[in-house]
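Let's take a walk through this one together.

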Amino acid sequence: MSENAGSRNPLQLRDQPETCRTADAEERSAWQRVIGRFADNCRARSLFVLHYCTGCGAIELPPTITSRFDMERVGVSPMVTPRQADILLITGYVALKTLKRVILSYEQMQAPKYVIGFGSCTINGGMYWNSYATIKQLDQYIPTDLFIAGCMPRPEAVQEVFLELMRMIDAGKANAWRDYYRNYDHYLANQQALFGPQWHTPTDIVAEAKHYGLMGPGTTGPHTRLLDQHAEWALDRIPEDYPERGENERSER
Amino acid sequence: MTLSLLAELIVMPLIAFVVGLALVLMMRRVRARIERRIGPPLLQPVYDIVKLYAKRTQVSHGIMHDLAIVMLLGGITTSVCFLPVPGLEGLARQGDLLTLVYLMMVPMLGLALGVGSCANPNGSIGISRALTAMLAYDVPFVFVVIGLAVAYGTTSLPEIIAHQQSGGIATWGAAEMPLLAIAGFIAMHAMLGKEPFEIYVAPAEIATGPMAEMSGKYMGALFVMQSFQLYTIGALYVTMFLGGGENWLTFLMKLFAVVFVSVALTNVYGRYKTDKVIRFMWTWPTGIALAGLALVMMH
Ligand code: SF4
């Protein structure tokens with residue numbers, strides 16, 4: 001935003017955050033729009049799924065992949081690591097311990113990425129609604145594009161949700177992953193509520209959001225400041241054990 | 001002269017890429033049919049590659065990781081230029097079979113350098129297995145190459161093709177030296193890194209090994225490499241033992257036939273253990289290749 005006060009719209013809020021999103025170049029030029037359209041088209045037709053088989057629902061996936069329903073017909077194929085995958089498929093209840101791994105896996109995936117919650121357990125806790133050890137709503141902790149209701153959903157429902165996701169991607173509407181960058185503080189707050197203020201992951205979401213121009217009004221906030229505090233705290237601890245490393249990291253900062 | 005050579009150097013990798021994509025599609029369709037599925041649509045390999053290159057975020061693990069991809073793509077595109085196809089010779093007269101054998105190792109070495117900087121244990125295990133596999137299949141393969149060189153008195157690929165085409169099927173390498181052809185087939189099947197020699201990918205065991213940390217464009221480059229690899233290895237086998245191509249039709253037919261046999265075999269085997277792969281490669285194909293070499297030398 002320009003510092004020239006004279007050209008400023010008086011109706012504009014005075015303290016508009018500098019993270020206010022301006023359209024990036026690729027959204028402006030017609031040529032880039034054509035390319036973006038083509039890319040969305042290809043994205044919709046090639047989906048690599050990381051099955052996070054936490055609950056009972058995993059048993060419905062083999063028929064979905066193999067000869068009876070054959071997902072590969074529509075370009076959906078299983079992949080084995082989060083780095084390679086586009087879809088994170090959470091099949092069922094998520095225990096607190098599991099949630100940590102789910103978040104780590106989700107953050108390792110490369111955008112655009114999509115999350116599908118599979119079964120009632122991911123929607124409202126399902127039959128584990130009063131368990132002390134499972135979370136109730138998956139989309140409070142990671143942004144979820146689609147849910148499949150049912151306990152457990154049949155392969156037809158799984159296919160239907162993949163087709164729906166394809167329609168959404170093709171129309172450029174499957175943007176939940178942007179929400180994780182734009183409202184990271186909100187998701188982090190919910191994560192910290194479960195795992196305590198020390199909770200942090202190896203992936204620096206704020207830095208990624210800055211780098212790729214995905215900052216939003218809620219990217220940083222009181223909860224991401226806790227992350228910074230934690231980093232400070234960790235740096236203060238380092239010199240006792242590794243004096244040289246502490247020196248290097250300090251000078252890098 | 002130089003201009004036409006330059007044009008060939010651009011056209012040959014392009015052809016190889018397009019044919020390679022078709023081979024990848026065939027591989028996936030054959031696997032699907034054997035599992036009684038329908039398989040992916042016609043343009044699936046293209047969608048996959050475009051999708052991977054269109055990822056918004058990337059993870060690089062340092063300069064070595066980036067350079068590895070350059071080395072890998074450079075290695076495969078260069079080796080394609082040394083492989084004569086009907087009507088296009090490229091650099092085939094400047095290099096020979098030995099050059100090609102060298103160049104075909106470059107992508108794997110590049111991958112090793114890149115994966116080494118990822119610090120992923122699955123990747124390190126995978127790449128150590130990949131290099132072990134290379135050690136295993138290169139021994140019989142080198143004997144096959146020596147056998148060919150002794151039989152034809154040359155290692156120049158255009159001359160080998162000309163000799164095989166001089167008398168129809170009876171002068172094909174596979175007809176004149178069946179033992180070498182069998183050993184060569186096993187060794188080159190192992191080069192593809194498919195079952196039963198799939199030790200370094202092993203998705204259920206080490207999470208695709210070298211590919212575990214590859215995301216977005218890096219993975220896209222590996223998909224491109226896969227299509228080139230199918231083409232290079234298939235075309236090299238056709239050149240060495242099936243008389244090369246008289247024209248594009250016969251060349252493509254032979255190429256698809258060779259790769260078809262290979263990928264069909266893939267689907268009926270499980271995966272050998274690493275030590276079993278070495279033991280197998282150093283006994284059976286190596287033994288057959290040595291016997292073939294002895295026969296060739298006695299003639
Ligand atoms: S929704 Fe039902 S089938 Fe799925 S994990 Fe929960 S209890 Fe199991």
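Predicted model: local features only at pLDDT ≥ 70, side-chain atom pairs only at ≥ 80, totals over all residues.

Which residues does B:Phe241 touch, not counting residues up to four places away in sequence? They are B:Val144, B:Leu148, B:Gln164, B:Trp172, B:Gly173, B:Ala174, B:Leu180, B:Ala181 and B:Gly184, where touching, or contact, means heavy atoms within 4.5 Å. B:Phe241 itself sits in helix H11 of chain B, residues 216-241. Helices here are DSSP runs of H or I with at least four residues, strands are runs of E with at least two, and both are numbered from the N terminus. B:Phe241 counts as buried because its relative accessibility is 0%. Buried means under 20% relative accessible area, exposed means over 50%, and partly exposed is in between (1.4 Å probe, protein chains only).

Residues are numbered from 1 along each chain as its sequence is written, chains are lettered from A and ligands numbered from 1 in the order in which they are written, and side-chain values use heavy atoms, with hydrogens and water left out.

Leaving aside neighbours within four places in sequence, B:Arg129 is in contact with B:Ile199, B:Tyr200, B:Ala202, B:Glu205, B:Ile206 and B:Thr274.

Now for helix H2 of chain B, residues 44-53: 7 of its 10 residues are buried, so this helix is largely enclosed by the rest of the structure. Among the buried ones are B:Tyr47, B:Asp48 and B:Ile49. What do the buried residues of H2(B) pack against? Their partners are H2 and E1 of chain A, together with helix H1 (2-34) and H11 of chain B.

That brings us to where the chains meet. Here 33 residues of chain A are in contact with 32 residues of chain B. The two chains bury about 2700 Å² between them, 54% of it on carbon and sulfur atoms; buried area is the accessible area (1.4 Å probe) that two parts lose on being put together, summed over both. Between the chains there are 6 salt bridges, a salt bridge being a side-chain nitrogen of Lys or Arg within 4 Å of a carboxyl oxygen of Asp or Glu. On the side of chain A that touches chain B, helix H2 (30-45), strand E1 (47-52) and helix H7 (176-182) each give two or more residues. H2(A) provides the largest share, 5 residues.

Side chains of opposite charge can pair when their charged atoms come close. A:Asp70 and B:Arg37 form one salt bridge, with the closest N and O atoms 3.1 Å apart. A:Asp70 lies in the loop between H3 and E2 of chain A, and B:Arg37 in the loop between H1 and H2 of chain B, so the pair joins two chains. Both A:Asp70 and B:Arg37 are buried. A:Glu72 forms a salt bridge with B:Arg28, at 2.9 Å between the closest N and O atoms, and these two residues are buried as well. A network of salt bridges links A:Asp70, A:Glu72, B:Arg28, B:Glu35, B:Arg37 and B:Asp48.

The backbone has some things to spot, too. Most residues other than glycine have a negative phi, and most peptide bonds are trans. A:Asp70 has a positive phi, near 50 degrees, and B:Arg36 has one near 60 degrees. B:Arg36 is exposed, because its relative accessible area is 72%. The peptide bond from A:Ala111 to A:Pro112 is cis, with omega near -10 degrees.

A cis peptide bond also joins A:Cys151 and A:Met152, with omega about -5 degrees. A:Cys151 and A:Met152 are among the residues around the ligand, which also include A:Cys56, A:Tyr93 and A:Cys121; a residue is near a molecule if one of its heavy atoms lies within 4 Å of it.
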